Amino acid sequence: MLAAEYRGPYRMRAGRKRMPRIEHPRDALVRVTRSCICGSDLHLYRGMVPDTRVGMVFGHEFCGIVEEVGPEVEKLKPGDHVLVPFNIACGQCHFCKQGLFGNCHEANAEATAVGGIFGYSHTAGGYDGGQAEYARVPYADVGPTVIPDWMDLDDAVMLTDVVPTGYQAAEMGGIQKGDTVVVFGAGPVGIMAARCAWLFGAGRVIVIDHLHYRLDFARRYCPAEVYDFREIEDMAVFVKKQTDSLGADVCIDAVGGDAAGSALHTLFGKAMKLEAGSAIALHWAINSVKKGGIVSIVGVYGPTGNMIPIGNVLNKGITIRANQASVKRLLPRLIEHVQAGRIDPKALITHRMSLEDVSDGYHIFSAKLDGCIKPVLYPNGGQ
Amino acid sequence: MATSTTRLPRAVDPNTVNGWGVDADPRNDPTYPFRDRSREDGPGMAWQRPPLQEPRVEVLRSIEHSRLPAVVGTSTPPKGLSGMIRRAAFRYSESDWRHWLMLLGADRINVVEGIFEDLARGRIPNIPAEMGARAEWRHNKLGLVRKVAIVAAVSAVAVALLRRRGRDDW
């Protein structure tokens, strides 16, 4: 089959790989029809995630048609068109039973600190992902969800990660009616977090980034007040001035370890890898939130350590809430939002391309070329 | 409840936003998820396990796990020098920096192994294409020209220095 292969930092190519097969009685084999490139794939692409092996197939946001199921799969049958949450979850362990499908204990041999994720290095379990013509999907009765007839497939593929992650970012913010919410990062997840902040009753939503085309999109789509951090001398002072000197009620870090905005963090976190990525967005979030406020983290960092003002977390009484999105738990509500027209996921898609063009897709997304917000690959011609 | 900005003018009127407040939940403060104690089976790993996968390839296991999970990924098993380093890294826990630094080191070695693997199969990797040079040319010609010029200049200086050193040694 054709698949996108990682060949080293900043190198992807489409090549022939052996077909995946059923390896467990609860597996399904899915013929992929859509597969996004995610902002967190860029951490892999840039060589920032330990145990990212050459030859691995990335892709944790995909949907497709069930081709074959294992003998213990009861809810799916060949021909079902399913969206596949990025979490691999057993549905039976202590964590899955609590709705923490992103923290399953039966899906990742290589690490306990993260659950199993499709195509996201061996640190996340060593599963090949969906940027391929076919993918093996474990625990097929738990995560995969049959796409409703009325739903556009481009909307469906966005429900595998982007929408739930943005929604959970807002949910973890514990937003109360009238709250001021500052979202750091106007990538797809940040944009969706800002959009969802309104659903929880935010009184004011501010988005911070430096890419004007993304800020313009966020201004219209969310809608939100938008600011370029390069035009702001001091982020904490700026947010305090915007909030009657108190600070924001909720700050959301939707950037993670690839953040721009600090030469020091860029040097230590990205160039020298002495930190687990550049933590400037989290630094700003902690220092911009009000005393007793909440910082919600959905930006991805590596597993080692970062320089952040932890003393301020204590002294300000900040609550930090963070997790990989529990897609399975959130899907029913998010499908309602899409049906009601409150969320328009596919509006974020700016680039549609074939699997053969994966090298260009990654580069365009990584280098922020051509107004790219969200690229989607269409293996099998999208059929 | 008064919030930080209730007295300040807003650029976006929430009343104009489709769906405003439909998911507002005053109980969502501040701990997520709400712990459902009624569904707990007691402490420890006593849940009914799914059937166990028997991996056909080598799967490294974190020493923080007491057992292999019921399903495992079987992509790209460890091999070569990078595989030896990965196996060694898994002697340390996820809490130990050596674990991660050794894995990052193995990743870099693995890239070189990947190039040799290609060559061994008679394939010369088209690295500029893999790095998206076509897209760069289409969307950022100036940037591409600048990068090529920098690489050419650095290469020229390196070659000149090596030649000079060669003459000095002679």
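Which residue of chain B forms a salt bridge with R13(A)? The partner is D118(B), and the closest N and O atoms of the pair are 2.8 Å apart. Keep in mind that you are looking at a predicted model. This contact belongs to an interface where 87 residues of chain B are in contact with 101 residues of chain A.

**The interface of chains A and B**

- The size of an interface is often given as the accessible area lost when the parts come together.
- Here the area buried between chain B and chain A is about 7,800 Å², and carbon and sulfur atoms give 51% of that area.
- The rule finds 12 salt bridges across the interface of the two chains, with R13(A) and D118(B) forming one of them.
- Polar contacts between chain B and chain A come to 50 residue pairs, counted where both residues have pLDDT 80 or more.
- On the side of chain B that touches chain A, the elements giving two or more residues are α2, α3 (127-130) and α4 (133-139) of chain B.
- Of these, α2(B) supplies the largest share, with 12 residues.
- By class, that side of chain B has 40 nonpolar, 21 polar and 26 charged residues.

**The second largest pocket**

- If you are browsing for open space, the second largest pocket has a volume of about 980 Å³.
- Its lining counts 42 residues, and those nearest the pocket centre are K17(A), D128(A), S75(B), T76(B) and P77(B).
- Both chains supply elements to this lining: β1 (2-8), β2 (11-16) and β8 (134-137) from chain A, and α1 (80-89) and α2 (97-120) from chain B, each give at least two residues.
- Helix α2(B) turns up again here, giving the largest share of the pocket lining with five residues.
- The lining of this pocket divides into 19 charged, 12 nonpolar and 11 polar residues.

**The cavities**

- There are two cavities of 30 Å³ or more in the structure.
- The second largest cavity has a volume of about 50 Å³.
- Residues of chain A line this cavity, among them V84(A), P85(A), N87(A), F118(A), V137(A), Y139(A) and P144(A).
- Which classes make up the lining of the second largest cavity? Nine of its residues are nonpolar and two are polar, with no charged residues.

**Local details in chain A**

- A cis peptide bond joins C222(A) and P223(A), with omega at about -15°.
- P223(A) sits in the loop between α6 (212-221) and β12 (225-228) of chain A.
- Helix α6 of chain A also holds D216(A) and R219(A), which are three residues apart, about one turn of the helix.
- The side chains of D216(A) and R219(A) meet in a salt bridge, at 3.0 Å from N to O.
- Over all chains, the same rule counts 36 salt bridges.
- Y10(A) is worth a look for its backbone: phi is near 65°, a positive value in a residue other than glycine.
- You will find Y10(A) in the loop between β1 and β2 of chain A, and both of these strands supply residues to the lining of the second largest pocket.

Note on methods. Residues numbered from 1 in each chain as written. Chains lettered and ligands numbered in written order. Predicted model: local features only at pLDDT ≥ 70, side-chain atom pairs only at ≥ 80, totals over all residues. Heavy atoms only, no water. 1 Å grid on protein atoms, 1.4 Å probe; cavity = no way out; pocket = protein on both sides within 12 Å on 5 of 7 lines; lining within 4 Å. Points joined across faces, edges and corners; volume = space filled by probe spheres on them. Helix = DSSP H or I, 4+ residues; strand = E, 2+ residues; numbered from the N terminus. Nonpolar A, V, L, I, M, F, W, Y, C, P; charged D, E, K, R; others polar. Contact = heavy atoms within 4.5 Å. Buried area = accessible area lost by both parts, 1.4 Å probe. Salt bridge = Lys/Arg side-chain N within 4 Å of Asp/Glu carboxyl O. Polar contact = N/O pair within 3.5 Å; in protein donor to acceptor, adjacent residues only side chain to side chain.
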